[in-house]
Amino acid sequence: MQFCTDCGGVLNLFGNDTSSLCSSCIQHRKKAPPPKTVTPEQGDGILAESILCVENGKIILRSKEGWQLWSAPVESQTELASIMKGAKLIYNIRKRRKKKK
């Protein structure tokens, strides 16, 4: 007896099936799009085009347009993911405002 490696369902009772997935799991995998990964060079490119500097005891992240996207005291510790999440939000807000003018 052989079982599906994905869902654990029975593939067949007798014989040698070369497939390790059942027909349901095969169909599910065909419908699901492959996971998309984004590098800094792709997409909006905020990280690739931003400037990180230290001014007056603060670390500042600025966009190529000169907008301040994030800042914190030099002594603080912040996760890069939260910095980029906030910076992307601020960048998109300022970009929308610029388009409206």
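This passage describes the fold, the nonpolar core, the last helix and the salt bridges of a predicted protein model.

Residues are numbered from 1 along each chain as its sequence is written, and side-chain values use heavy atoms, with hydrogens and water left out. Because the model is predicted, local features need pLDDT of at least 70 and side-chain atom pairs count only at pLDDT 80 or more, whereas totals for chains, interfaces and linings use all residues.

The protein chain contains three helices and five strands, where helices (H or I, at least four residues) and strands (E, at least two) are DSSP runs numbered from the N terminus. Read from the N terminus, these elements follow the order β-β-α-α-β-β-β-α. Of the 101 residues of the protein chain, 18% count as buried; buried here denotes under 20% relative accessible area, exposed over 50%, and partly exposed in between, with a 1.4 Å probe and protein chains only. The protein chain exposes about 8,200 Å², of which carbon and sulfur atoms supply 55%, the areas coming from the Shrake-Rupley method with a 1.4 Å probe and, for residues, with only the protein chains shown counting as cover. Among contacts (heavy atoms within 4.5 Å) in the protein chain between residues at least 6 apart in sequence, 13% join residues at least 24 apart.

The largest nonpolar core comprises nine residues, namely Ile-46, Leu-61, Trp-67, Leu-69, Trp-70, Ala-72, Ile-83, Ala-87 and Tyr-91; such a core is a set of buried Ala, Val, Leu, Ile, Met, Phe, Trp, Tyr and Cys residues joined through side-chain atoms within 4.5 Å. Strand S5 and helix H3 (80–100) each supply at least two residues of this core. In soluble globular proteins, nonpolar side chains tend to be buried together. When residues up to four places away in sequence are not counted, Leu-61 touches, among others, Ile-51, Leu-52, Trp-67, Leu-69, Trp-70, Ile-83, Met-84 and Ala-87.

Within helix H3, the residues Ile-83, Ala-87 and Tyr-91 are buried, and they cover an arc of only 55 degrees around the axis (taken from the directions from the helix axis to the C-beta atoms), which puts them on the same side of H3. The buried residues of H3 pack against H2, S4 and S5, whereas Ala-81, Lys-85, Leu-89, Arg-96, Arg-97, Lys-99 and Lys-100 are exposed on the other side of the helix. The 21 residues of H3 should span 30 Å at 1.5 Å a residue, in agreement with end C-alpha atoms that are 30 Å apart; the expected span is 1.5 Å times one less than the number of residues.

A search of the whole structure finds two salt bridges, each defined as a side-chain nitrogen of Lys or Arg within 4 Å of a carboxyl oxygen of Asp or Glu. In one of them, Lys-64 pairs with Glu-49, with the closest N and O atoms 3.3 Å apart. This pair links distant parts of the chain, since Lys-64 lies in the loop between strand S4 (58–62) and strand S5 (68–73) and Glu-49 in helix H2 (residues 46–49), 15 residues apart. Lys-64 is exposed, at a relative accessible area of 54%, while Glu-49 is partly exposed at 40%. Arg-62 forms a salt bridge with Glu-55, the closest N and O atoms being 3.7 Å apart; Arg-62 is partly exposed at 23% relative accessibility, as is Glu-55 at 33%.

Ser-63 also lies in the loop between S4 and S5 and is buried, with a relative accessible area of 4%. Leaving aside neighbours within four places in sequence, Ser-63 is in contact with Glu-49, Ser-50, Leu-69 and Tyr-91.
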